[in-house]
Amino acid sequence: MLELKNVSVAYGSIRALRGIDMVVQPGKITAVLGANGAGKSSLLRAIAGIAPVTEGDLLYRNASLKPYPAHRRARMGISLAMEGRRLFRHMAVEENLLLAWSFGPRRTPFAQAVRSVYDAFPILGERRTTKAGMLSGGQQQMLILSSVTIREPELMLLDEPSLGLAPIIVSQIFDFITAYAKARGTAVLLAEQMAVMALRVADHGYVLRGGQVVMHGASDELVKADIVSKLSAAYL
């Protein structure tokens with residue numbers, strides 16, 4: 001589905017990523033772990049087309065993504081949920097979903113697609129006419145995820161979906177991500193600081209430090225290597 005080969009990202013003289021090799025498989029959740037500044041967001045932005053790739057290549061369906069700008073990648077089935085719950089806060093819930101749907105391949109009529117969203121998150125159906133900025137933090141994250149999945153992506157990029165949420169909401173969000181990936185065969189690349197939860201749902205994990213991959217492997221192998229404690233120490 002997605003393969004990164006020796007990918008580097010730089011913002012002027014600042015190198016955010018160095019020589020990243022990575023594989024993301026269909027129907028699997030791949031976790032990207034690391035402290036703030038490790039390069040997690042830059043990695044997802046590079047794949048989505050909004051961060052400058054200075055070296056290497058990104059292969060999607062065995063073809064290079066480099067010639068395609070961000071909006072073309074969205075049409076190709078790549079969806080990014082950026083950190084910070086970036087919604088159109090002055091627009092209603094359903095207006096946000098309609099706008100997101102319009103950037104996807106539109107394989108499913110909007111009325112049917114939005115019904116699926118409200119089935120998954122009934123509270124969004126109840127608040128469909130409420131402005132996104134008036135939702136709680138958990139409801140905003142549900143809307144962010146729904147704005148990604150309503151496009152029916154083949155590759156879903158999620159940046160810190162647990163950030164600032166209560167544990168019960170985090171569990172609900174991660175349960176949804178897991179079920180969606182398995183049901184649809186969607187490839188998920190999940191950037192997280194919450195390593196315990198990320199490795200619980202992920203099939204494979206990569207650990208970033210200073211813009212480089214310092215460890216990777218099956219999730220259970222990373223747990224056995226006590227990567228959670230090592231990362232926790234790095235955050236302090």
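Q: In this predicted model, which residue forms a salt bridge with Arg-15?
A: A salt bridge requires a side-chain nitrogen of Lys or Arg within 4 Å of a carboxyl oxygen of Asp or Glu. For Arg-15 the closest N and O atoms are 3.9 Å apart. Arg-15 belongs to strand S2 (residues 14–24), and its partner, 40 residues apart, belongs to strand S4 (residues 53–60). The partner is Glu-55.

Q: Is Glu-55 buried, partly exposed or exposed?
A: Buried means under 20% relative accessible area and exposed means over 50%, with partly exposed in between. The relative accessibility of Glu-55 is 39%, so by these limits Glu-55 is partly exposed.

Q: How many residues apart in sequence are the parts tied together by Lys-40 and Glu-160?
A: The side chains of Lys-40 and Glu-160 form a salt bridge, with N to O at 3.7 Å. Lys-40 lies in helix H1 (residues 40–48), whereas Glu-160 lies in the loop between strand S7 (155–159) and helix H7 (167–184). Both residues are buried. The pair therefore ties together parts whose separation in sequence is 120 residues.

Q: Which helix holds Glu-94, the salt-bridge partner of Arg-128?
A: The closest N and O atoms of Arg-128 and Glu-94 are 3.5 Å apart. Arg-128 sits in the loop between helix H5 (122–126) and helix H6 (137–149), 34 residues from Glu-94. Glu-94 is in helix H3 (residues 93–102).

Q: What is the relative accessible area of Glu-94?
A: Arg-128, its salt-bridge partner, is partly exposed at 37%. Glu-94 is also partly exposed, and its relative accessible area is 26%.

Definitions and conventions:
Residues numbered from 1 in each chain as written. Predicted model: local features only at pLDDT ≥ 70, side-chain atom pairs only at ≥ 80, totals over all residues. Heavy atoms only, no water. Helix = DSSP H or I, 4+ residues; strand = E, 2+ residues; numbered from the N terminus. Buried < 20%, exposed > 50% of the residue type's maximum accessible area, 1.4 Å probe, protein only.
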